[in-house]
Amino acid sequence: MSDQNLKRRGLLCVVSGPSGSGKTTLCRRFSEEDSDAVYAVSATTRAPRDGEQDGIDYFFLTQKEFEARTTRGEFLEYAEVHGNYYGTLKSEVLNHIEAGRDVLMDIDVQGAALVRGQDDPAIQKALVDIFILLPSEEELIKRLNFRGTETQNQIDLRLKNAHEEMRHWQLYLYTVVSADKETDFSSFSAILAGERCRSSRLIPRAESSSDHPELDL
Ligand code: 5GP
């Protein structure tokens, strides 16, 4: 059968890791370099940092707007992270997967657990979760990029958050132990390349017609 007769289901790629692991850069770069992949822009109640743009880095929402969207069921998942709300809008994910595009989501471990717990078979079939782990305590401290201006409490809190996040790596199907930017990107790309080739993700076009709606994701 020629390739033209196959349609592929899109991946829902959930990427987590502690601050400094480079997970956002990996997701952004992959979606920029690969036309079949899109980055899911999250919504958040935290204030924009210098240089961050609404709709590109995040959808910056007030607490009230975030709550209204929650009530309307617009989030695929949301969680409180470091005192602010973060969530993935269904509109950033579901249509892309249906169209065969891969969606990259950079979310925390709570959000990843919520996505794993979704009943929707389309989400379950699409899901690939990847954890970006730091190789040592020394590397973690280096990547957390303390500037010498933090109080001991701030340092302790950031370290505690990173350790808490890292405790969950075994729940993920894949773990990339971070080395350097290029090596991490190759490992990350290799995982996605392999996942794209799974036979179960390919659907013969004839079967994806309305005769077989259960296959037409
Ligand atoms: P930051 O404020 O530094 O951009 O992100 C803080 C944390 O929030 C990161 O661990 C990031 O992965 C997580 N995060 C970003 N977007 C989402 C989201 O949509 N859902 C969840 N659950 N976590 C998110």
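1. A polar contact here is a pair of N or O atoms within 3.5 Å; within protein, one must be able to donate a hydrogen and the other to accept it, and residues adjacent in sequence count only if both atoms are side-chain atoms. Glu-52 gives one example: a polar atom of its side chain is 2.8 Å from the backbone nitrogen of Arg-49.

2. This is a predicted model, in which local features need pLDDT of at least 70 and side-chain atom pairs count only at pLDDT 80 or more, while totals for chains, interfaces and linings use all residues. Residues are numbered from 1 along each chain as its sequence is written, and side-chain values use heavy atoms, with hydrogens and water left out.

3. Glu-52 sits in the loop between strand E4 (43-44) and strand E5 (59-60); strands are DSSP runs of at least two residues, numbered from the N terminus. Leaving aside residues up to four places away in sequence, Glu-52 touches Arg-46, Ala-47, Asp-57, Tyr-58 and Phe-60 (heavy atoms within 4.5 Å).

4. Which side chains place a polar atom by a ligand oxygen? Ser-42 has a side-chain N or O atom 2.7 Å from a ligand oxygen. For Asp-106, the distance is 2.9 Å. The protein covers 88% of the 510 Å² of accessible area that the ligand has on its own (Shrake-Rupley method, 1.4 Å probe).

Methods:
Helix = DSSP H or I, 4+ residues; strand = E, 2+ residues; numbered from the N terminus.
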